[in-house]
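Please look through the sequence and the structure shown below. The report that follows takes up helix packing, sheets, a single strand residue and some backbone features in turn.

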Amino acid sequence: METIKSYVQQHKDRFINELIELLKIPSVSADPAYHQDIIITANAVKASLEKAGCDFVEICDTPGNPIVYGEKTIDPSLPTVLVYGHYDVQPADPIELWTSPAFEPVIKKTEIHPDGAIFARGSCDDKGQMYMHVKALEYMIQSNTLPCNVKFMIEGEEEIGSKSLSWFVERNQAKLKNDVILISDTGMISNQQPSITTGLRGLSYVEVEVTGPNRDLHSGLYGGAVANPINVLAKMIASLHDENNHVTIPGFYDKVEELSSEERAEMAKAPFYLENYKKALDLNDVYGEKGYVTNERNSIRPTLDVNGIWGGYTGEGAKTVIASQAFAKISMRLVPNQDWEEITELFTKHFTSIAPAGVKVKVKPHHGGQGYVTPTDSIGYKAANKAYTETFGVPAIPVRSGGSIPIVALFEKELKSKTILMGFGLDSDAIHSPNEHFGIFNYLKGIETIPLFYKYFVEMSK
């Protein structure tokens with residue numbers, strides 16, 4: 001352990017600078033305007049894997065953004081670890097809320113990160129966490145301690161549904177054959193208490209469109225006489241939850257997994273301080289489904305949230321107009337057993353059925369994915385826990401995440417292997433939000449911990 005610690009200390013400035021250079025590239029997958037930056041980033045990832053010591057690295061074309069594939073084989077008879085990550089990032093909007101430009105990384109000290117944190121889009125999700133694995137490989141090769149074979153699959157569409165990854169995995173099962181999949185695209189409880197994510201929620205993401213009159217109308221001449229699409233959309237969205245904050249879509253809860261009181265009690269052992277939670281978000285109180293506490297609402301229960309809503313005049317000053325159309329983007333986080341395509345169909349049927357006669361409604365599905373639960377009695381989980389215990393000094397706690405990584409269920413279906421989610425980010429790192437950041441401590445601690453996973457996974461696999 002001292003060897004990896006000394007290696008990280010010796011090279012930490014270079015590790016940080018290399019990540020900063022990667023974060024400068026605005027690899028936004030949601031906006032076609034950044035396509036060239038996607039290509040530049042893929043090439044940068046390829047170069048980093050080659051420099052770290054992979055025997056073979058290639059950029060694989062797909063129907064969408066390219067996938068970077070790399071491998072290091074030391075003995076075909078030994079186990080193989082497949083590392084997954086993504087180089088694409090969320091849009092930086094709203095850019096005016098960033099305290100420093102999203103693609104001009106800076107290191108700032110914070111109360112949670114006294115050693116400093118890198119502020120930039122993608123710093124935690126997922127360039128920083130993906131790059132930990134590249135540097136961990138570098139160490140294992142330089143120190144001749146790589147105990148098994150390793151493959152890398154780094155994609156560029158995770159933030160928009162990983163459609164091309166599904167295409168790639170289905171066509172390259174032999175190439176991607178492995179004994180365990182390792183992903184760092186999640187978080188942990190705190191810098192003092194590590195945790196391993198054992199569950200992910202699924203996702204259904206849709207866009208809705210409500211159309212009324214064939215053009216924008218004068219609100220004085222037509223107000224009260226025709227349906228206002230914005231008013232109608234607001235009422236329709238409001239009706240999607242009842243007074244107990246349950247989702248009102250018929251059939252929405254039919255396949256929801258209900259955890260036992262014993263399982264909920266086990267979850268409650270994870271440290272959580274409600275007052276600190278409210279303070280961090282500047283909230284007077286929490287909000288959510290009746291009958292569940294905060295850590296259950298954001299992990300083991302399904303949700304429906306409006307992610308964006310627009311229509312009509314939103315510029316400076318006043319314009320008295322009834323808009324012809326109104327729009328909203330809606331995401332539903334799903335729990336195990338809920339099928340995202342089925343939920344999308346249920347939503348579409350319900351949402352169109354509740355529209356008044358004066359408007360027309362369209363529902364456009366965007367993307368989605370299944371939920372996932374990984375067993376805590378697997379060799380991979382035990383190896384990860386042992387690695388965390390060694391570097392942090394305390395065992396990791398199993399937790400279920402509210403987030404979604406849709407391709408994890410796909411991996412198990414197509415590649416027949418389990419996924420271990422070794423995250424090093426924190427809830428406060430503002431992923432998908434302005435001022436996203438990743439602690440220097442977390443970045444370097446990840447590089448220290450990952451080689452131990454390899455060591456213990458191979459030892460336990462014998």
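In this predicted model, helices α3 and α13 are oblique to each other, a word used for angles that are neither under 35 degrees (roughly parallel), nor over 145 (roughly antiparallel), nor 65 to 115 (roughly perpendicular). The axes of α3 (residues 127-142) and α13 come within 8 Å and cross at roughly 55°, where axes are lines fitted to C-alpha atoms, for helices over the stretch in contact, and angles run from 0 to 180 degrees between N-to-C directions. The crossing of this pair is right-handed, which is the term when the near helix is turned clockwise from the far one by less than a right angle, anticlockwise being left-handed. The contact, meaning heavy atoms within 4.5 Å, is made by residues including Gly 128, Tyr 131 and Met 132 of α3 and Asn 442, Tyr 443 and Gly 446 of α13. Helices here are DSSP runs of H or I with at least four residues, and strands are runs of E with at least two, numbered from the N terminus.

Because the model is predicted, local features need pLDDT of at least 70 and side-chain atom pairs count only at pLDDT 80 or more, while totals for chains, interfaces and linings use all residues. Residues are numbered from 1 along each chain as its sequence is written, and side-chain values use heavy atoms, with hydrogens and water left out.

A second pair of helices, α4 (residues 163-171) and α12 (residues 407-415), packs at an angle of about 15°, with the axes 10 Å apart. That makes α4 roughly parallel to α12, and the crossing of these two helices is right-handed as well. In this pair, Leu 165, Ser 166, Val 169 and Glu 170 of α4 meet Ile 407, Leu 410, Phe 411, Glu 414 and Leu 415 of α12.

With 22 residues at 1.5 Å a residue, α13 should span 32 Å, and its end C-alpha atoms are 32 Å apart, which agrees; the expected span is 1.5 Å times one less than the number of residues. Of those 22 residues, 17 are buried, so α13 is largely enclosed by the rest of the structure, where buried means under 20% relative accessible area, exposed over 50%, and partly exposed in between, with a 1.4 Å probe and protein chains only.

The next topic is a sheet. Three strands in the order β4-β5-β18 make up an open sheet with antiparallel pairing, two strands being paired if DSSP finds at least two bridges between them. The strands β4 (106-108) and β18 (437-439) stand at the edges with a single partner strand each, so one side of each is left without a neighbour in the sheet. On average, and with direction ignored, neighbouring strands of this sheet are turned by 30° against each other. Helix α13 (residues 440-461) packs on the sheet, where it touches β4, β5 and β18, and the direction of α13 makes about 60° with that of β18. Between β5 (residues 117-119) and β18 there are three bridges in the antiparallel sense, and Ala 117 has Gly 439 in β18 as its bridge partner.

Elsewhere, strands β1 (residues 56-60) and β2 (residues 67-72) pair in the antiparallel sense over five bridges. These two strands form a hairpin with six residues between them, and Cys 60 stands opposite Ile 67 in β2.

| Residue or bond | Backbone value | Loop |
|---|---|---|
| Asp 93 to Pro 94 | cis, omega about -5° | Pro 94: between β3 (80-86) and β4 |
| Asp 125 to Asp 126 | cis, omega near 5° | Asp 126: between β5 and α3 |
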